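Thanks for coming. I have one model to go through, and I will keep it short.

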Amino acid sequence: VQRRLDQFSGAEAEPIEPLRPQVACRAHLNFAEPLIDALAIGDVLDHLLVKVACGLEAEGKGARALTLNACRTDGTVVGLEVRLSRPSRSVSHIRRLFADRLEQIDPGYGIDALILSVDAAQELSYAAETLERSLDRQAEGVAILVDRLMNRLGPERIWRAAPVESHIPERAERFVPAAAAVAAEAASPRRAAPRPFRLLEEPEEITATAEVPDRPPRQFVWRRVNRRVARIAPEWWRLGEAAIERDYYAVEDSEGRRYWLFRAGHYRADGKAMPRWFMHGLFA
């Protein structure tokens, strides 16, 4: 009890061990003499990246966020963070992301140590690793470009489309930050039916004629041209989604052109409601 009272009053020291956030992997290097050459930071970073990449490979993971901390002789710490849109342990790719911003680290009176931490990591499949190596050979790969833009402009300013589980094309995707796109894609199931190569920005209403109500169309007029249907692929649809009812048809006209049509609504026996036909996409 007396010891706790002394600690409370300050008569006895009470060292506190801070709780530090868990990191997936960390590598550091201490210097016998303070590092004052800013250009040498890049050389040390290469060494740390190799160590971190080995640790990630042993765990079968790739980095999604890394932080390079420079501990200066005056007791201050300068941090530099990079984020990736996909998991990676490619030394060359991550090195390029840091290289664009290394000049932001001011050595001041010298740097005593450099610490490289992997703040977030994700499982890296064999297919993703193969793609990563392929992108290393193509410096202008889309994923590499996204990472560089994201770290230059900020992760909150770079967005990409991610699929959503919906059979209504207008609702089948949403925009998410580039860094979160991988998780969004992984959570979305694959669609069972193919979609057209070209999807119209807005469905265009057409005039369609069917032999029997609520059956597939036999001919339709789109953009003032009459097109006779020669072949119809099996239809697919999903009812009850936000009160939107559509029957989609992949049709081919007599000249071999293929279209994606849908009928909104159904015929009613009392004649008070008539369905409307729309053109929604074109197959290649």
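I will take the cores, then the cysteines, then a surface patch. Keep in mind that this is a predicted model.

The largest nonpolar core contains 29 residues. Inside it, the residues with the most contacts are Leu-66, Leu-68, Phe-98, Ile-105, Leu-114 and Leu-116. Which elements supply at least two residues each? They are strand 1 (25–35), helix 2 (38–59), strand 2 (61–72), strand 3 (77–88), helix 3 (91–99) and strand 4 (111–123). Helix 2 gives the largest share, with 8 residues.

Leaving out residues up to four places away in sequence, Leu-114 touches Ala-27, His-28, Leu-29, Phe-31, Ile-41, Val-44, Leu-48, Leu-68, Asn-69 and Ala-70. Of these, Leu-68 is also on the list of residues with the most contacts in the largest core.

Now the cysteines. The disulfide count is 0. Take Cys-25: the nearest cysteine sulfur belongs to Cys-54 and is 9.0 Å away. A disulfide would need the two sulfur atoms within 2.5 Å, so Cys-25 is in none. Is Cys-25 buried or exposed? Cys-25 is buried, because its relative accessible area is 14% and the limit for buried is under 20%.

Last, the surface. Leu-145, Leu-149 and Leu-153 make a nonpolar patch of about 240 Å². Leu-145 sits in helix 5, residues 142–153. With a relative accessible area of 42%, Leu-145 counts as partly exposed.

Note on methods
Residues numbered from 1 in each chain as written. Predicted model: local features only at pLDDT ≥ 70, side-chain atom pairs only at ≥ 80, totals over all residues. Heavy atoms only, no water. Patch = residues over 30% accessible without salt bridge, like charges linked within 9 Å, V, L, I, M, F, W, Y side chains within 5 Å. Areas by Shrake-Rupley, 256 points an atom, 1.4 Å probe, with all protein chains shown as cover. Salt bridge = Lys/Arg side-chain N within 4 Å of Asp/Glu carboxyl O. Helix = DSSP H or I, 4+ residues; strand = E, 2+ residues; numbered from the N terminus. Buried < 20%, exposed > 50% of the residue type's maximum accessible area, 1.4 Å probe, protein only. Core = buried A, V, L, I, M, F, W, Y, C linked by side-chain atoms within 4.5 Å. Contact = heavy atoms within 4.5 Å.
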